Amino acid sequence: MSAHPGAIRLETLTKAYGSVTALHDVDLEVRAGELLTLVGPSGSGKSTILRLVAGLDRPDSGRILVDGTDVAQVPPHRRAVAMVFQDYALYPHLTVRGNLLFGLRVRRVPRAEADRRARAAAERLGIADLLDRYPDQMSGGQRQRVALARALVREPTVYLLDEPLASLDAQLRFATRADLLAVHRDLGTTMVHVTHDQAEAMTLGDRLAVLDAGRVRQVGPPQQVYDEPADLVVAGFLGSPPMNLVPGGGVLGEAPGLTLGVRPEDLALDPDGPIEATVEAVEALGSEAILLTRCPDGTRLAVRTGPRHGLRAGAGLRLRPDPHRLHRFDTETGQRRRRAEGVDE
Amino acid sequence: MSSRSRRPLTPWMFLAPYGVAVLLLIALPALLNLGYAFTDHTGLTRDPRFTGLANLRRLVADDFFLDSLEASLFHVAVSVPLRLLAAVGLGLLLAAPRPGGRWFRVAVYLPTVIPDVALAVLFLWVLNPLYGPLNQLLGLVGHPGYTWLAEPTTARVGVVLMLLFPIGEGFLVVLAARRLLDGRLYEAAALEGCGPFGQLRRLTLPLLAPVLVLLAVRDTILTLQVNFVPAYVLTDGRPANATQYLPVYIFDHAFEFSGFAYGALLTIVLMVISAAVITVQLLAVRRWRVLR
Ligand SMILES: Nc1ncnc2c1ncn2[C@@H]1O[C@H](COP(=O)(O)OP(=O)(O)OP(=O)(O)O)[C@@H](O)[C@H]1O
Ligand SMILES: [Mg+2]
């Protein structure tokens with residue numbers, strides 16, 4: 001028996017809205033107590049997965065198992081999931097207190113108990129002094145916290161978080177991210193967290209699932225997905241800037257039928273390097289800099305380097321790719337090719 | 001202020017036609033009306049004379065006025081809640097996109113575009129005790145039916161029934177307001193275990209409260225006045241003055257019996273009553289904290 005309930009299993013889940021297929025044979029497993037992050041471009045079906053798990057929509061085919069039981073016939077409120085919506089969905093006619101108590105009142109939780117839970121959730125998220133405000137009297141970040149607190153009050157076995165940090169500014173996002181992690185650590189509850197944000201995708205989850213066009217492309221620990229993207233889509237999506245992808249025969253070397261990839265940080269400035277390039281633009285980020293370069297054959301390469309490199313647009317340079325960090329993909333299928341040398345196994 | 005003098009006149013010019021009409025057709029007659037109420041003006045002679053409170057003394061002793069007042073208050077008390085219930089109920093039912101929904105929406109709105117005289121003539125037939133469909137319907141469940149327009153109470157009910165149909169404006173407002181509510185809220189509530197009735201009670205009605213209050217106030221004003229046509233066409237104020245509503249009584253006095261002066265005073269009374277009813281409503285709204 002596992003310590004916590006809340007294991008989710010999606011089996012060949014398919015969902016279409018009219019002619020748009022939002023999900024395509026999705027298989028995905030979320031372990032009990034795990035924080036799984038879903039990333040993918042806009043429209044890839046992230047929200048759809050959450051809605052299906054929550055029971056707000058029904059799949060066209062496939063099964064959803066929670067702790068081993070098919071929940072197709074279970075109505076949303078019996079599923080013990082709490083959802084934080086992309087746009088919060090706070091009740092505008094109720095104060096923060098009213099919002100937190102809403103579900104408890106519907107469930108006829110005794111008053112004292114309900115108040116205790118609402119207060120505890122509010123204190124955990126630092127909104128205890130906002131309990132009498134209405135949603136339109138709060139900032140975006142405060143509303144965000146109320147939405148999270150409303151989910152906490154529910155005491156569910158699964159949290160579904162749809163881009164909960166998307167509309168926060170960088171500072172608040174950082175702080176709220178830490179709160180979210182703390183909540184997850186304290187409660188040990190299963191969380192599925194959707195994000196657009198590269199940093200969140202890498203830092204927040206135990207595991208990362210990359211979605212594209214309604215299909216799951218890769219699932220794994222964030223670092224592993226980053227280091228060994230399973231296909232061209234994942235390679236091109238994760239990382240900022242994303243991996244440099246060059247067809248075989250180009251500046252990264254001979255490789256018939258393959259596409260070669262190298263991350264910007266795996267290209268070193270080296271006067272004796274094999275690749276000749278010209279700097280087109282410099283993005284100084286304070287702690288580092290991104291050089292956008294162009295090779296004589298027109299290939300564009302992004303290079304991550306230290307902040308004080310002294311290079312300007314127009315400067316020529318030579319680059320050396322780290323041979324151990326070269327990625328190879330089948331151009332036809334997009335699939336990753338493992339190398340005989342086994343360096344990136 | 002200097003900024004004001006520099007503001008262009010254009011907006012005022014656009015407002016002018018409306019402003020002039022309001023002045024000439026509403027403000028001025030209202031003022032005249034206020035003056036006439038304290039004269040013996042008949043509308044025929046040219047020289048109204050000031051008679052002080054004579055009309056008021058007459059009003060206090062006027063038993064027909066009390067009958068009329070009672071008829072009007074009965075009508076408002078029954079008609080406004082029913083009309084609101086119908087408009088809100090149908091508006092909420094038909095707000096969701098459903099196959100064929102637009103035909104139902106058209107059907108609900110249609111009676112509103114029928115001129116009320118035509119609707120009243122139609123209801124003469126509906127309420128006919130011999131061949132009217134209403135009595136035939138009652139006959140289906142074994143009820144002998146009523147002589148609708150011949151009995152005081154059923155005559156009043158008949159007028160209420162007729163005015164239950166032209167509710168298109170309130171219906172439209174509810175429909176539009178409901179469609180503006182965020183569907184996410186309902187999903188959030190469904191996740192919490194809120195069924196259809198819970199959603200109605202905890203989301204829809206509180207969120208629509210401002211609109212509902214507005215509709216109630218408006219319908220009170222409207223209902224105190226629009227029963228004129230049905231009362232005239234269906235019953236002519238009879239039987240036993242049961243449908244001698246205030247507007248009918250005012251018309252009769254102003255144009256048939258006593259001339260403008262007494263009618264003018266009655267008009268002012270009607271306004272005061274409207275204001276009083278609305279005040280009671282708004283006090284209730286505040287007392288029960290319907291609005292945030
Ligand atoms: N109710 C709907 N009706 C029609 N199409 C829909 C509906 N909901 C989603 N879709 C479509 O399904 C696909 C997946 O949508 P989904 O909301 O899951 O994307 P997402 O990954 O959450 O995107 P985003 O990051 O922009 O929120 C999209 O192509 C979208 O247009
Ligand atoms: Mg989404």
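**Cavities and the A–B interface**

Helix H5(A) supplies the largest share of the lining of the second largest cavity, 3 residues. Helices here are DSSP runs (H or I, at least four residues) and strands likewise (E, at least two), numbered from the N terminus. A cavity is a set of points on a 1 Å grid over the protein atoms alone where a 1.4 Å probe fits but cannot get out, and its lining residues have an atom within 4 Å of a point. The model is predicted: local features need pLDDT of at least 70 and side-chain atom pairs pLDDT 80 or more, while totals for chains, interfaces and linings use all residues. Residues are numbered from 1 along each chain, chains are lettered from A, and side-chain values use heavy atoms, without hydrogens and water.

The second largest cavity holds about 80 Å³, a volume being the space filled by probe spheres set on the grid points, which are joined across faces, edges and corners. Among its lining residues are Leu125(A), Tyr159(A) and Asp179(A).

The largest cavity holds about 120 Å³. Of its 13 lining residues, those closest to the centre include Met83(A), Arg150(A) and Glu192(B). Strand S6(A) gives the most to this lining, with 4 residues.

Turning to the interface, contact (heavy atoms within 4.5 Å) takes in 15 residues from chain B and 24 residues from chain A. In chain B, Leu191(B), Glu192(B) and Arg292(B) lose the most area to chain A. One salt bridge (a side-chain nitrogen of Lys or Arg within 4 Å of a carboxyl oxygen of Asp or Glu) joins Arg184(B) and Asp87(A), at 3.6 Å, N to O.

Notes:
Buried area = accessible area lost by both parts, 1.4 Å probe. 1 Å grid on protein atoms, 1.4 Å probe; cavity = no way out; pocket = protein on both sides within 12 Å on 5 of 7 lines; lining within 4 Å.
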